[in-house]
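This briefing is written for someone opening the model for the first time. Please keep the sequence and the 3D view side by side while reading the points that follow.

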Amino acid sequence: MAQIRSHRRDIHTYWHGSIGSRRRRRTSLVTDEKAGMERVTRLEERRGTSTLSTTLIAAFALAAVVALILPLNLPIGPYNWDTLVYYDAINRIRAGQTPNVDFFAPVGPLGYYLATLLDSVFPRAQPMLLVNWALLPVLLPSMAMLTGHVAAYSRGQALALLLPFLLLASLPINLQAIYPISGFDGYGHYNRHVALLLYTLVATLIFSRDRRLLVGLVALLMLTLFLVKITGAVSGVLLVGYAVLVGRLRVMDAVLAAALVLVPLGALDLTTGMVGAYIDDILTLLRLNGGSLSSRFLMVASLNLDVIAPCVLLLGTLALAGWRERADLSWVRMRSLGASPPGWLAAVLIAEILFETQNTGSLEFIGLWPVILLVLVDWQARRDWLGLLVLVLCLAVVLPAVSAFTQRSARAVLATPFYHTLDLADLGTFGQVNVKAEIAERAPIMLEHYATYQESYRDLTTRGQMPSYILYSETDYQATWLLELQQGLVAIRAWEATAGRRLNGVFTLDFVDPFNRLLGREPARHVPIGVDPARTNPPLTEQTLAALEGIDAILQPKCPLTVNRTTIATHFARALQGRRRVALSSCWDMYLKD
C-alpha cells in the first residue's frame with residue numbers, strides 16, 4: 001500500500017508538474033506574443049506618426065503652391081517696399097548679374113536665388129508670400145527628414161517639433177508689431193528665414209539619434225545659414241561648437257560637417273567669386289554700422305523681455321535642481337550638466353540673443369522651442385511643486401510668441417475681405433495689395449498733397465526731419481508710395497511714346513528700384529540694392545559711376561521729399577552730371593542721358 005501511495009504521489013507530482021510546466025510555457029508564449037504584438041503596435045504607431053509628419057508637410061507645401069498660383073491680394077503692413085528689394089535682385093539675376101559680385105547686397109545670395117526660382121515657377125504670386133516662402137525648398141525637406149527620424153522613437157516629440165514650425169513658416173508675420181493697423185509684414189524676410197533655420201538646427205542637434213542624419217543636416221543647415229545671412233551662421237557655429245563640447249556631436253563628425261560646408265563654398269567661390277565678394281560686403285556693412293553693441297543688447301532685452309525673463313528664471317530653476325541632485329563639480333559632472341536641458345537652454349539663449357542684436361523684424365527666440373520640448377520631456381514625470389514651476393516657466397517662454405503670431409496673423413487674414421484695393425493696374429503683382437477703406441481714400445489725397453506742397457517738405461529735409469518719425473512703418477505711406485510708383489511708371493511709358501525712344505534702363509534715387517523689373521529693362525551693374533543711407537549705402541566708386549553712365553535715365557521721386565531721398569541724391573550727384581532734367585510728372589523728375 002505504501003508503494004502504491006508513493007507511486008500515486010509520483011504520478012500526481014509528475015502530472016501537475018507537467019501541467020504547471022505546460023501552463024508556464026503557455027503563459028510565456030502568451031507573454032511573448034503580447035510583447036511582440038505591442039512591439040508591432042508601437043512600430044505601426046511610429047510609422048503612422050512618420051506618415052502623419054510627411055502628410056502634414058506635403059499638405060503645407062500643397063497649400064503654399066496653391067496660394068502662389070492664385071493672384072491673391074493681401075493687406076500691406078510696415079515696410080512693404082522691403083519685399084520689392086528681392087524683386088530688384090530677381091531682375092538683376094535674370095539679367096546675368098551675380099549677387100555680391102555685380103551688386104552690393106546686405107545679405108547672402110541664396111535667398112535671392114531661391115526667390116528667383118519660385119518667381120519663374122509662380123509668376124503671378126503675391127510678392128510677400130513668395131519671398132516669405134523662398135527658403136521652403138530647403139526647410140521642408142530638412143524638417144521631413146528630422147521629424148520622420150524622431151517619429152521612430154517618439155511620435156509626440158515629432159509632432160511637437162513639426163507643428164510649431166509649420167505654424168511659424170506659414171505667413172509673413174513678425175512677432176513684434178511696429179504699427180497698429182493689421183497687415184502682413186513686408187520686411188524681415190531674411191531674418192525669419194534664419195530664425196526657422198536655427199530652429200531646425202537646434203532641433204537636429206538635440207533630437208537626432210542617427211549619425212549620418214545628424215552630420216548631413218548640420219552641414220546642409222550651416223551651408224544655408226551662411227548663404228542666407230552670415231550672422232545666422234555665426235550663431236549656428238556657436239551651437240555646433242557647443243554640441244561638440246558636450247559630446248552631442250563627435251569631433252570627427254563636426255570636421256566632416258565642416259568639410260561638407262567648406263568644399264561647396266570653395267567651389268562656389270572659384271567658379272563665381274561670390275563667397276569672397278559676400279564677405280567683402282559684410283565687412284563693408286560692419287564699417288557702415290559701427291554702433292554700440294551694448295545698446296543693441298539692451299534693445300533686444302527690452303523688446304523681448306516677456307521671453308528672456310521667464311527663460312532666465314527657468315534656467316535658474318533647472319540649474320538649482322541639477323545642483324541639488326549633483327553637488328560635485330567633476331569634469332564628467334560638468335559635461336553631463338552641459339549636455340542636459342539647462343546647458344542647452346543657456347547655449348541657445350546666448351546664440352539667439354547674439355543673432356537678434358543684428359535684426360529688425362523676426363521670429364525672435366523660436367530657436368528656444370526645441371529646448372523647451374527637451375525640458376518638458378525630461379520633467380514630465382515630476383509631480384511636485386518644482387515640476388509645476390518648470391511647466392509654468394516653459395509655457396511662459398513659448399506662449400508670448402504663439403499668442404503674438406496667431407493674433408497678428410488672424411487679424412491680417414480676417415481683415416482681408418473687408419479691405420480695399422488701390423488703383424495699381426500697371427504694377428502687376430506689386431499691386432496685389434489692399435488696405436483699409438480710410439487708407440484707400442487717404443493715399444491718393446496724400447500723393448496730391450506731397451506734389452502740391454513740395455517746398456514744405458524740402459524745408460523739413462534741410463532741418464534733417466522726416467514728414468513723420470516712423471514714416472516708412474506707416475501703412476498709409478506704403479500705400480502712397482505704391483501710387484507714386486504707379487504714376488512714375490505711367491509717366492515713363494507716356495514719355496517714351498511721345499519721344500519715340502526706348503530707355504535702355506533706369507536707376508531710381510530711392511530705397512528700392514523696381515522700375516527695371518516693371519519695364520523689362522537692363523539694370524545697372526555695381527549699384528547696391530536696398531539703398532539705405534544709414535545702413536546699406538557703400539562709398540561711391542568709379543566702377544559704379546561708369547555703370548551708371550551707361551544707363552539712359554536716373555529717376556528722382558519727390559512725393560514727398562525726405563531726408564533719405566535727398567541723401568541718396570547727394571550721394572549719387574556725380575552720376576547726374578551732364579544729364580538733362582525732364583519733369584516726367586508732378587512726383588517724378590528724370591535725368592536723361594542725351
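This is a predicted model: local features need pLDDT of at least 70, side-chain atom pairs count only at pLDDT 80 or more; totals for chains, interfaces and linings use all residues.

A residue counts as buried when its relative accessible area is under 20%, as exposed when that area is over 50%, and as partly exposed in between. By that cut-off C394, at 1% relative accessibility, is buried.

**Cysteines and the disulfide**

- A disulfide is a covalent bond between the sulfur atoms of two cysteines. Counted by the rule that the two sulfur atoms lie within 2.5 Å, the model has one disulfide.
- The bond joins C559 to C587, with 2.1 Å from S to S, and its angle of -90° about the S-S bond makes the link left-handed.
- C559 sits in the loop between strand 5 (553–557) and helix 23 (563–571), while C587 sits in the loop between strand 6 (580–585) and strand 7 (588–592), so the pair ties together parts that are 28 residues apart in sequence.
- C559 has a relative accessibility of 0% and therefore counts as buried, and C587, with 0% relative accessibility, counts as buried too.
- C311 takes part in no disulfide, and the nearest cysteine sulfur to it, that of C394, is 9.2 Å away. C311 is itself buried, with a relative accessible area of 0%.
- C394 is likewise in no disulfide, the nearest cysteine sulfur being that of C311 at 9.2 Å.

**Strands 5, 6 and 7**

- Strand 7 runs antiparallel to strand 5, to which five bridges join it, and in this pairing P557 stands opposite W588 of strand 7.
- Strand 7 also runs antiparallel to strand 6, again with five bridges between the two, and here the bridge partner of R581 is Y591 in strand 7.

- An open sheet of three strands, with mixed pairing, has the order 1-3-2.
- Strand 1 (74–75) and strand 2 (420–421) stand at the edges of this sheet, each with a single partner strand, so one side of each is left without a neighbour in the sheet.
- Strand 2 and strand 3 (residues 433–435) run antiparallel and are joined by two bridges, with H420 standing opposite V435 in strand 3.

**Helix 7 and helix 15**

- The axes of helix 7 (residues 189–207) and helix 15 (residues 341–356) come within 12 Å of each other and cross at roughly 165°, which makes helix 7 roughly antiparallel to helix 15.
- The crossing of helix 7 and helix 15 is right-handed.
- On the helix 7 side the residues that meet helix 15 are N191, V194, A195, L198, V202, L205 and I206, and on the helix 15 side they meet W344, V348, E352 and F355.

**Two buried residues in helices**

- G236 belongs to helix 9 (residues 230–245) and is buried, with a relative accessible area of 0%.
- Apart from neighbours within four places in sequence, G236 is in contact with L198, L201, M222 and L225.
- Between the C-alpha atoms of G236 and F226, which are ten residues apart along the chain, the separation is 9.0 Å.
- T116 lies in helix 3 (residues 110–121), where a relative accessible area of 11% leaves it buried.
- Not counting residues up to four places away in sequence, T116 touches I90, I93 and R94.

How values were computed. Residues are numbered from 1 along each chain as its sequence is written. Side-chain values use heavy atoms; hydrogens and water are left out. Helices (H or I, at least four residues) and strands (E, at least two) are DSSP runs, numbered from the N terminus. Buried means under 20% relative accessible area, exposed over 50%, partly exposed in between (1.4 Å probe, protein chains only). Contact means heavy atoms within 4.5 Å. Two strands pair if DSSP finds at least two bridges between them. Axes are lines fitted to C-alpha atoms, for helices over the stretch in contact, and angles run from 0 to 180 degrees between N-to-C directions. Angles under 35 degrees count as roughly parallel, over 145 as roughly antiparallel, 65 to 115 as roughly perpendicular and the rest as oblique. A crossing is left-handed if the near helix is turned anticlockwise from the far one by less than a right angle, and right-handed if clockwise.
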